[in-house]
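Trainee: I would like to learn how to read helices, strands and cores from a structure. Could you take me through them one at a time?

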Number of protein chains: 2
Amino acid sequence: MVVGVSKGRGWGGSHYLETFKEYGYSGPIYPVNPKYEGEEIQGLKVYGSISSLPDDIPIDLGIVAVPAKFTPQIIEELGQKGVLFAHLFSSGYSELGKEGKLLEQQLLEKAIENHIRILGPNCMGIYNPKGRIGFSHRLSLVSGPVAFISQSGGNANRHAYTGIASGYNFSKIVSLGNQIDLDLLDFLNYFRSDPDTKVITMYVENLKRGGSDFVKLLKETTKEKPVIIWKGGKLNAGHSAVRSHTGGLAGNIKLWKSMAHQTGVILVNNFKELIEMIQTVLVLKIPKNRNTAILTGGGGPAVELTDECEAYGLKIPRITEDGQNKIRDFIPEVNSNLSNPLEFGANGGYPNMIKVMKILGEEPHISTILTTTNPGWYTSEKLTMDEVVKSFANTVSQDSNKNIICLLNISRARKDTIDLIDEFYVKAREYGIMIYDSARAAAISLFRLWNYGKYLESRA
Amino acid sequence: MVVGVSKGRGWGGSHYLETFKEYGYSGPIYPVNPKYEGEEIQGLKVYGSISSLPDDIPIDLGIVAVPAKFTPQIIEELGQKGVLFAHLFSSGYSELGKEGKLLEQQLLEKAIENHIRILGPNCMGIYNPKGRIGFSHRLSLVSGPVAFISQSGGNANRHAYTGIASGYNFSKIVSLGNQIDLDLLDFLNYFRSDPDTKVITMYVENLKRGGSDFVKLLKETTKEKPVIIWKGGKLNAGHSAVRSHTGGLAGNIKLWKSMAHQTGVILVNNFKELIEMIQTVLVLKIPKNRNTAILTGGGGPAVELTDECEAYGLKIPRITEDGQNKIRDFIPEVNSNLSNPLEFGANGGYPNMIKVMKILGEEPHISTILTTTNPGWYTSEKLTMDEVVKSFANTVSQDSNKNIICLLNISRARKDTIDLIDEFYVKAREYGIMIYDSARAAAISLFRLWNYGKYLESRA
């Protein structure tokens with residue numbers, strides 16, 4: 001049931017009516033607003049008060065979108081009606097200072113008195129594609145392996161859209177808001193045992209309680225599922241931005257790094273790294289080491305990739321003499337370096353690429369083949385994208401923990417190549433090939449995945 | 001004249017015939033190959049030897065694309081014909097070890113004996129849109145302000161294409177190769193006084209001579225034009241990749257950093273940073289400080305931008321009380337932080353954005369307004385892209401040194417929005433607004449521009 005609906009489309013309570021209907025939510029939805037009692041909004045009868053709602057079906061969730069000062073009273077009424085769970089969209093609490101802090105205390109007292117749990121206030125709520133509820137229009141109705149807990153409604157919303165565009169779906173997304181009752185730890189605990197969730201991800205600015213409980217829970221969780229945390233509010237002005245955003249102190253990033261080290265949490269620095277890390281844990285196998293073979297066209301780009309990979313933690317060891325000899329059998333040496341990075345110059349046609357990748361796939365000390373070759377170059381009437389990408393993937397044994405990575409610089413895509421790129425993305429995921437837009441992105445993500453594997457090994 | 005042409009299209013000598021003709025090069029072109037003497041290749045009569053070429057017009061440039069072992073003899077013949085300048089495309093010299101090193105010495109001796117200067121060997125040569133010569137198909141024929149000197153043919157080629165796609169054109173691009181004769185310093189010296197060149201950029205792996213001469217020349221040059229250097233080959237494997245690429249040692253990156261500090265050179269880490277830095281010096285004014293005002297939609301994204309800007313050297317100081325009061329006149333405080341970063345939530349419509357940017361433009365301590373607002377959102381039947389971008393640009397006084405920056409995440413562009421984005425790019429450049437794809441890119445580039453300004457001030 002939604003409290004605080006209005007007649008216009010758009011933000012606030014009416015927005016949730018719209019999205020629930022758009023998703024095909026199957027249960028009854030009761031809009032409440034005394035101003036419109038008895039009228040219809042979006043085809044639904046509006047109730048004048050919470051106490052007047054029908055009693056035949058228990059109400060699962062109350063969504064509250066009224067000015068902050070009225071919310072303690074609303075929570076009391078919801079509790080008396082037997083509602084067990086309320087999401088407070090309303091804002092204007094501790095993020096505004098002392099007075100708002102007092103209002104939060106009143107809210108919490110009312111919640112405890114009336115046996116109702118609160119999500120928020122100052123939050124977007126929940127997106128659950130299986131349950132057919134959500135906070136934005138046009139989100140995917142397909143459930144997927146990723147849970148996201150966000151201390152920012154803006155980031156919850158961004159991630160919902162970007163995740164889907166990046167090839168993964170969500171089990172649930174929770175926007176936490178000011179966490180006066182249900183908090184990060186509650187949801188972490190929930191997702192730990194949620195069978196739909198394979199990867200737990202978070203945007204966190206600050207902890208509301210229990211540093212040591214959090215560490216303990218993380219240690220238990222990372223044994224079973226990867227946990228990826230993006231910590232927001234790292235430096236001076238960042239801190240001040242956090243204070244005004246969710247009314248808390250940001251906490252030192254050094255502490256978070258040490259916590260990640262202790263618990264196996266994968267820490268990322270920003271939204272882009274979060275997206276890339278999620279794709280990485282979903283698509284790649286945990287590598288046994290950081291040793292990477294680089295395949296590229298020219299000497300300058302080879303030097304650049306090597307610089308970037310090394311700067312962010314990958315290793316570029318020499319190919320064995322045996323491997324080099326096998327390659328020398330069909331690639332002339334002039335203008336190609338056959339140790340590592342491997343440059344091919346004009347020799348990088350399809351049959352050569354596949355032959356070289358197979359040789360690299362058998363190099364015992366190499367875990368990752370990183371290539372700037374775009375399989376899309378080889379599609380033609382004779383070879384479909386499916387065939388080319390599959391043949392790339394098959395150059396490493398599927399029961400090994402070796403990975404193939406393609407670098408594709410897709411900033412400023414061209415209209416005529418977008419369809420090909422999209423097809424490549426879809427096929428690459430299908431065959432376990434990861435695409436990054438830079439060596440930096442590849443190196444950071446792979447380093448972190450390897451580091452997580454090292455943590456798991458140390459705890460085994 | 002081109003030595004070493006063949007009948008097939010594609011690489012080598014014939015490639016240069018194709019591109020020169022494609023660009024409309026107006027002088028005579030003489031292909032040379034004894035195998036095809038008297039026949040026609042690409043509509044041009046093939047000569048059997050250099051000595052048999054016509055003597056009526058002096059030959060400006062000899063392009064040599066024959067196997068390395070024949071090149072000393074060719075250089076001798078070119079010299080005897082009175083050719084003053086040769087570009088050696090041929091490879092297989094010091095990049096392959098001792099024997100190749102000897103061959104280079106022979107080449108150089110022949111060049112000195114016969115009064116001919118050599119560019120290369122192992123290089124792509126020259127792209128000069130005004131002179132109508134170039135090393136790749138479909139390059140722009142428009143001359144522009146950027147010179148690029150590259151110790152990598154691959155990077156010369158990439159930059160030629162990417163520069164044009166990124167909104168700037170070149171005065172000249174030079175691919176240096178092994179620099180046995182003409183080297184980095186010669187071309188730096190040339191571009192320093194080249195009236196067509198406003199920005200000098202380089203990809204450098206190693207210096208062949210004269211560290212102190214280089215420093216002296218850089219100091220003279222940066223007083224007049226910005227010099228942007230991308231140093232390739234920073235770490236272990238990067239070094240080894242350089243050795244096999246152009247046959248030199250890479251040199252310590254710390255030395256390069258200290259050299260940049262002494263000379264006002266803008267040092268960048270990779271290709272993407274190079275492109276962004278060039279756009280930055282072309283589009284933005286040198287700011288008087290690093291103080292930046294961030295305008296964004298939600299609290300989470302505001303925290304992220306602040307974190308990223310601070311991590312890479314920008315400052316996010318508070319807006320003055322006076323400025324905050326002016327904004328408070330029309331933006332309600334709930335869900336918006338009015339110090340800095342500024343979050344607007346649902347209040348970020350066009351009229352409000354323009355009003356806020358004008359107030360920020362008058363804040364005395366702020367040099368840069370960084371917004372995630374995409375002017376494209378406001379285009380409609382009533383407002384064209386030109387009008388919207390112009391109104392954004394006019395929020396800061398055009399004779400101040402204040403800048404406006406827009407962040408636009410355009411990785412994975414959508415087919416239906418590409419035209420709008422392209423239009424925005426064109427208009428933004430026209431009105432001096434810089435677009436970056438991340439806060440990181442904006443912060444690094446702006447920090448470097450400010451740092452260059454600080455250097456100039458210290459030398460004034």
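Trainee: Which residues of helix α11 of chain B are buried?

Mentor: Please keep in mind throughout that this is a predicted model. The general idea for helices is that an α-helix has 3.6 residues a turn, so residues three or four places apart point the same way. In helix α11 of chain B, residues 321-328, the buried residues are G323(B), K326(B) and I327(B). Because these residues cover an arc of only 95 degrees around the axis, they are on the same side of α11(B).

Trainee: How should I read a strand, taking β14 of chain B as the case?

Mentor: The general idea is that in a regular strand the side chains alternate between the two faces of the sheet. In strand β14 of chain B, residues 292-296, T292(B), I294(B) and T296(B) point one way, while A293(B) and L295(B) point the other way. All of these residues are buried, and the strand is accordingly described as mostly covered, with five of its five residues buried.

Trainee: Which strands pair with β14(B)?

Mentor: With strand β16 of chain B, residues 368-371, β14(B) pairs in the parallel sense over four bridges, and in this pairing A293(B) stands opposite I369(B). With strand β15 of chain B, residues 342-343, β14(B) also pairs in the parallel sense, over two bridges, and here L295(B) stands opposite L342(B).

Trainee: What does A293(B) touch, if I leave out residues up to four places away in sequence?

Mentor: Counted that way, A293(B) touches I319(B), N340(B), L342(B), L360(B), E363(B), I366(B), I369(B) and L370(B). A293(B) is also one of the residues that touch the most other members of the largest nonpolar core, which has 124 residues; I118(B), I149(B), I228(B), I278(B), I294(B) and A442(B) are the others named with A293(B). Helix α15 of chain B, residues 439-459, gives the most to this core, with nine residues. Apart from this core lies another, of 123 residues, and among its members are V83(A), F135(A), M202(A) and L305(A).

Trainee: Now for chain A, how does β14(A) sit within its sheet?

Mentor: In chain A, five strands form an open sheet in the order β15-β14-β16-β17-β18, and the pairing is parallel. β15 (342-343) and β18 of chain A stand at the edges with a single partner strand each, so one side of each is left without a neighbour in the sheet. Strand β14 of chain A, residues 292-296, is joined to β15(A) by two bridges, with L295(A) opposite L342(A), and it pairs with β16(A) over four bridges in the parallel sense, where T368(A) is the bridge partner of T292(A).

Trainee: What can I say about the length and the packing of helix α15 of chain A?

Mentor: For length, one sets the span of the helix beside the expected span. Helix α15 of chain A, residues 439-459, has 21 residues and reaches 30 Å from its first C-alpha to its last, close to the 30 Å expected at 1.5 Å a residue. Its buried residues include A439(A), I444(A), L449(A), W450(A) and Y452(A). The buried residues of α15(A) pack against several elements of chain A, including α9 (271-283), α10 (299-311) and β17 (403-407).

Trainee: How many helices and strands does chain A have?

Mentor: Chain A has 15 helices and 18 strands, and 51% of its 460 residues count as buried.

Notes. Residues are numbered from 1 along each chain as its sequence is written. Chains are lettered from A and ligands numbered from 1 in the order in which they are written. This is a predicted model: local features need pLDDT of at least 70, side-chain atom pairs count only at pLDDT 80 or more; totals for chains, interfaces and linings use all residues. The expected span of a helix is 1.5 Å times one less than its number of residues. A residue is buried if 20 or more other C-beta atoms lie within 10 Å of its own, exposed if 12 or fewer, and partly exposed in between; C-beta atoms are placed from the backbone. Two residues are in contact if their C-beta atoms, placed from the backbone, lie within 7 Å. Two strands pair if DSSP finds at least two bridges between them. A nonpolar core is a set of buried Ala, Val, Leu, Ile, Met, Phe, Trp, Tyr and Cys residues joined through C-beta atoms within 7 Å. The arc is that of the directions from the helix axis to the C-beta atoms.
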